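Colleague: I would like to go through this model term by term. For each label, please set the value against the cut-off and then conclude.

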Amino acid sequence: GTWPANAGLSVALELLGPITKKYVPDLISNADLWALAANIAIKTMGGPDIPTRFGRTDAKTSRDGCPANDGRLPDGDKGADHLR
């Protein structure tokens, strides 16, 4: 299954796909690319300018990644009122 908080990530995956194919892992890690994309999205939506600090490495397997944080993210299939 998929987590409700991941709703809408297919849009980001589609947008970042060509960049991933061209630059990951030779120039940037997936982790850094997603952090950069998130920071740019926040700025584009009128939020603060968040500096991107590079140097993250990608996990080789899902077991090497961070543990799940169920319930920490808002559901991506709900409107902005869900955040308030």
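Modeller: Of the contacts in the protein with a separation of 6 or more, 46% are between residues 24 or more positions apart; contact means heavy atoms within 4.5 Å. This is a predicted model, in which local features need pLDDT of at least 70 and side-chain atom pairs count only at pLDDT 80 or more, while totals for chains, interfaces and linings use all residues. Residues are numbered from 1 along each chain as its sequence is written, and side-chain values use heavy atoms, with hydrogens and water left out.

Colleague: How many helices and strands does the protein have?

Modeller: Two helices and zero strands. These are DSSP runs numbered from the N terminus, helices being H or I with at least four residues and strands E with at least two. The C-alpha trace spans about 40 × 35 × 20 Å along its principal axes.

Colleague: What span does helix 2 reach, and what is expected?

Modeller: Helix 2, residues 30-44, has 15 residues and reaches 21 Å from first C-alpha to last. The expected span is 1.5 Å times one less than the number of residues, which gives 21 Å here, so the reach of helix 2 is close to expectation.

Colleague: Why is Asp-32 called buried?

Modeller: Buried means under 20% relative accessible area, exposed over 50%, and partly exposed in between, with a 1.4 Å probe and protein chains only. Asp-32 is at 4%, so it counts as buried. Asn-39, also in helix 2, has 15% and is therefore buried. Ile-42 of helix 2 is at 31%, so it counts as partly exposed.

Colleague: Which residues of helix 2 are buried, and where do they lie around the axis?

Modeller: Asp-32, Leu-33, Ala-35 and Asn-39 are buried. They cover an arc of only 165°, which puts them on the same side of helix 2; the arc is that of the directions from the helix axis to the C-beta atoms. Their cover includes helix 1 (9-23). Over the whole protein, buried residues make up 10% of the 84 residues.

Colleague: What does Asn-39 contact, leaving aside neighbours within four places in sequence?

Modeller: Asn-39 is in contact with Ile-50, Pro-51 and Thr-52.

Colleague: What makes Arg-56 and Asp-32 a salt bridge?

Modeller: The term requires a side-chain nitrogen of Lys or Arg within 4 Å of a carboxyl oxygen of Asp or Glu. The closest N and O atoms of Arg-56 and Asp-32 are 2.6 Å apart, so the pair qualifies. Arg-56 lies in the segment after helix 2 and Asp-32 in helix 2, so the pair ties together parts 24 residues apart in sequence. The structure holds one salt bridge. Arg-56 is partly exposed, at 37%.

Colleague: What lines the largest pocket?

Modeller: It is lined by 34 residues, with Ala-5, Asn-6, Leu-9, Trp-34 and Leu-73 nearest its centre. Helix 2 gives the largest share of the lining, six residues.

How values were computed:
1 Å grid on protein atoms, 1.4 Å probe; cavity = no way out; pocket = protein on both sides within 12 Å on 5 of 7 lines; lining within 4 Å.
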